[in-house]
Amino acid sequence: MSPSRITPLRIATFVTAFLIVACGRAPEIVGVVNPAVPTAAVPELRKHKMFVAATRTHSGEAGVLFSSGRAAELGLASVVATVPPNHKVGELERPEKLPPDPRTEFTVIEPTVYRSEQSFISAIDSELDRQPAGSRRMMLFVHGYNNNFSEAALRLAQFVEDTNYPGVPMLLTWASAANPVRYVYDLNSALIARGKLKEISSLLHRTDVDSVDIFAHSMGTLLTMEGLVDAQKAGTLGHRTAINNIVLASPDIDIDLFRTQIRQLPPEIRSKIFLLVSRDDRALLASRRLAGGVPRVGAANTVELEGMGVTVIDLSTINDSSSGSHSKFAGSPEVVRMIGLGLNRSGGLERGRTPAFDRLLENVPIIITQ
């Protein structure tokens, strides 16, 4: 049997491995409120307004703002996520059933759909204007494989809370089927969505934002890298809006493809790229088997990543992630604090070193692969 042939057994192995490391599916909760416990009645409740650019179709179902279908036009929206007072760093206190309880669980409330680009831009500017001129930042967060919209929004809310991100978050949610057996559908959805990154870049350029951080996870890193390459070819990369950091967590990218992508990016962009890798990432080890044995970047040996001009942060020794080996960036208190300290410094994850940051890095090697 050819090692690259995708057989039912290979798919079953991948699905089984992913299900082992994945948490249970959270219910769809966007806009679902608990009338017995209104959020306004919960003391010390923290809120994060998050903007949304979606390549998903709109849904008419309760609690489901966007579906798994692929949309021809970019959907623009915003939601507000609430963080429960009992929240612990590295944990995502997801609702197990409906309605969610804001006293103990994250909620996603106040879904708003924008019918025009200008109304979306104006809403973003209202949030950006809370920051000092010259320091108005946004984070573009790109989720990974097997995520519905609610899950992606919850993860972004937890990540923003735990990193204490100082800017305005935006979620790029692409048409993942949120079904572990539909890996190929997700892969193609990610590739389809890359053309919309040009529209998102144009929208951000029309806001009052001064700079952008890009954070992508898993299969979302493939979408991100393809978008960066397209922008470089168009001559717009880094010229419309300044880029602070490009963080690729657990990249589910064929390592040979990644080499070709990196070669097409200029050194000043490569120096902003940070790879969070872990050799024990079981989801990526399963993905590697599905791909015929070709290593995935996020589970590659650091030696294989040498000479690319990016910074590699090896999380292989981290074993305290509440979200498994594939989501250490958010599930490990140590790692999410480290990322927060880096993002909140103007110099970035490596160039913004502080004594506190160095203490967190005692067991996390950083390698600059020039």
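In this predicted model, begin by selecting Asn146, which sits in the loop between strand 4 (137–142) and helix 3. Although Asn146 is not a glycine, its phi is positive, at about 65 degrees. Is Asn146 buried or exposed? With a relative accessible area of 7%, Asn146 is buried, because buried means under 20% relative accessible area.

Next, move to Ala178, in the loop between strand 5 and helix 4 (183–193), where you will find another residue other than glycine with a positive phi, in this case near 55 degrees. Ala178 has a relative accessibility of 19% and therefore counts as buried, the limit being under 20%.

Now select Thr173, which belongs to strand 5 (residues 168–173) and, at 0% relative accessibility, counts as buried. Show the side chains around Thr173, and look for the polar contact of 2.7 Å between the side chain of Thr173 and that of Arg56, and then for the polar contact of 3.1 Å that joins the side chains of Thr173 and His143. If you set aside the neighbours within four places in sequence, the residues in contact with Thr173 include Val52, Ala53, Ala54, Thr55 and Phe149.

From here, select helix 3 (residues 149–163) together with helix 11 (residues 333–343), whose axes come within 8 Å and cross at roughly 70 degrees. That angle makes helix 3 roughly perpendicular to helix 11, and the crossing of the two is right-handed. To see where they meet, colour Phe159, Asp162 and Thr163 in helix 3, and Val336, Ile339, Gly340 and Leu343 in helix 11. Sorted by class, this contact has 4 nonpolar, 2 polar and 1 charged residues.

For another pair, select helix 6 (residues 220–234) and helix 7 (residues 255–263), which pack at an angle of about 30 degrees with their axes 9 Å apart. Helix 6 and helix 7 are therefore roughly parallel to each other, and helix 6 passes helix 7 in a left-handed crossing. On the helix 6 side, the contact is made by Leu222, Met225, Glu226 and Val229, and on the helix 7 side by Leu257, Phe258, Gln261 and Ile262. By class, the contact has 6 nonpolar, 1 polar and 1 charged residues.

Finish the tour at Pro99, in the loop between strand 2 (66–83) and strand 3 (107–113). Which kind of peptide bond joins Leu98 and Pro99? Turn the view until you can see the bond from Leu98 to Pro99, which is cis, with omega about -5 degrees.

Terms used:
Residues numbered from 1 in each chain as written. Predicted model: local features only at pLDDT ≥ 70, side-chain atom pairs only at ≥ 80, totals over all residues. Heavy atoms only, no water. Helix = DSSP H or I, 4+ residues; strand = E, 2+ residues; numbered from the N terminus. Buried < 20%, exposed > 50% of the residue type's maximum accessible area, 1.4 Å probe, protein only. Polar contact = N/O pair within 3.5 Å; in protein donor to acceptor, adjacent residues only side chain to side chain. Contact = heavy atoms within 4.5 Å. Axes fitted to C-alpha atoms, helices over the stretch in contact; angles between N-to-C directions. Parallel < 35°, antiparallel > 145°, perpendicular 65-115°, else oblique. Left-handed = near helix turned anticlockwise from the far one by under 90°. Nonpolar A, V, L, I, M, F, W, Y, C, P; charged D, E, K, R; others polar.
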